[in-house]
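Here is a short tour of one protein chain. Keep the sequence and the structure side by side as you read.

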Amino acid sequence: QVQLVESGGGSVQAGDSLRLACAASGVSFSRYGLGWFRQGLGNDREFVAGITRSGSSTRYRDSVKGRFFISRDDAKNTVYLQMNSLKPDDTAVYYCAAGQANVLTPVYTNTGQYTDWGMGTQVTVSS
């Protein structure tokens, strides 16, 4: 089982940037598709970004396209979410997730496709 620990959250002003990191232990990251989700107060958990096992393909929710970028470093067993031009609507708890995948598996975008989750890190953006 993968243990995931997020870091890098915080309170920032609109327009600022943050980089979230999620470090894994317990297994090799290289066999997993990885993703970031978020959950605002009173809202369902929603897909933010995902990356395939190989790192060759990524997907983003429309509202973050061009502002957020997901990347992975399998040597460090870490996945990152670079968040630029942050908006108050980005305020949420951000979770990383991992799901076993093969080399042809596309980006996972649904919560049910991921088997392992971190505890989350709070991101608060004020106007």
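## The disulfide

A disulfide is a pair of cysteine sulfur atoms within 2.5 Å. In general terms, a disulfide is a covalent bond between the sulfur atoms of two cysteines. The model shown here is predicted. How many disulfides does a search of the whole structure find? The search finds one. Cys 22 and Cys 96 form that disulfide, with their sulfur atoms 1.9 Å apart. The link of Cys 22 and Cys 96 is right-handed, with 40 degrees about the S-S bond. This pair joins distant parts of the chain. Cys 22 sits in strand E3, and Cys 96 sits in strand E9, which covers residues 92-100. The two cysteines are 74 residues apart.

Are these cysteines buried or exposed? Buried means under 20% relative accessible area. Cys 22 has a relative accessible area of 0%, so Cys 22 is buried. Cys 96 is at 1% relative accessibility and therefore counts as buried too.

## Strands around Cys 22

Strand E3 spans residues 18-25. Strand E1, residues 3-7, pairs with E3 in the antiparallel sense over five bridges. Within that pairing, Glu 6 has Cys 22 as its bridge partner in E3.

Strand E8 covers residues 78-83. E3 and E8 also pair in the antiparallel sense, over six bridges. Here Cys 22 stands opposite Val 79 in E8.

## Thr 121

Look next at strand E11, residues 121-126, where Thr 121 has its place. Thr 121 counts as buried because its relative accessibility is 11%, and the limit for buried is under 20%. The side chain of Thr 121 reaches the backbone nitrogen of Gly 9 at 3.3 Å.

Which residues does Thr 121 touch, leaving aside those up to four places away in sequence? The list is Glu 6, Ser 7, Gly 8, Gly 9, Leu 20, Ala 92, Val 93 and Tyr 94.

## Asp 116 and Arg 31

Strand E10 consists of residues 116-117 and holds Asp 116. Asp 116 is buried, yet it has no salt bridge. Where is the nearest side chain of opposite charge? That side chain belongs to Arg 31, and it is 11 Å away. A salt bridge needs a nitrogen and an oxygen within 4 Å. Asp 116 does have a polar contact of 2.8 Å, joining its side chain to the side chain of Thr 115. Beyond residues up to four places away in sequence, Asp 116 touches Gln 1, Val 2, Leu 4, Tyr 32, Cys 96, Ala 97 and Ala 98.

Arg 31 lies in the loop between E3 and strand E4. Its relative accessible area is 48%, so Arg 31 is partly exposed. Arg 31 and Arg 53 are 22 residues apart in sequence, but 6.0 Å apart in space, C-alpha to C-alpha. Arg 31 touches Arg 53, Gly 99, Gln 100 and Ala 101, not counting residues up to four places away in sequence.

## Salt bridges

How many salt bridges does the structure hold? It holds six. In one of them, the side chains of Glu 46 and Arg 38 meet at 2.7 Å, N to O. Glu 46 is partly exposed, because its relative accessible area is 26%. Arg 38 is buried, with a relative accessible area of 5%.

Arg 38 forms a salt bridge with Asp 90 as well, the closest N and O atoms being 3.0 Å apart. This pair links distant parts of the chain. Arg 38 is in strand E4, and Asp 90 is in the loop between E8 and E9, 52 residues apart. Asp 90 is buried, with a relative accessible area of 2%.

Asp 62 and Lys 65 meet through their side chains in a salt bridge of 3.0 Å, N to O. Asp 62 is exposed at 63% relative accessible area, whereas Lys 65 is partly exposed at 49%. Salt bridges that share partners join Arg 38, Glu 46, Arg 61, Arg 67 and Asp 90 into one network.

Key: Residues numbered from 1 in each chain as written. Predicted model: local features only at pLDDT ≥ 70, side-chain atom pairs only at ≥ 80, totals over all residues. Heavy atoms only, no water. Helix = DSSP H or I, 4+ residues; strand = E, 2+ residues; numbered from the N terminus. Buried < 20%, exposed > 50% of the residue type's maximum accessible area, 1.4 Å probe, protein only. Polar contact = N/O pair within 3.5 Å; in protein donor to acceptor, adjacent residues only side chain to side chain. Contact = heavy atoms within 4.5 Å. Pairing = 2+ DSSP bridges. Lys, Arg positive; Asp, Glu negative; His and termini not counted.
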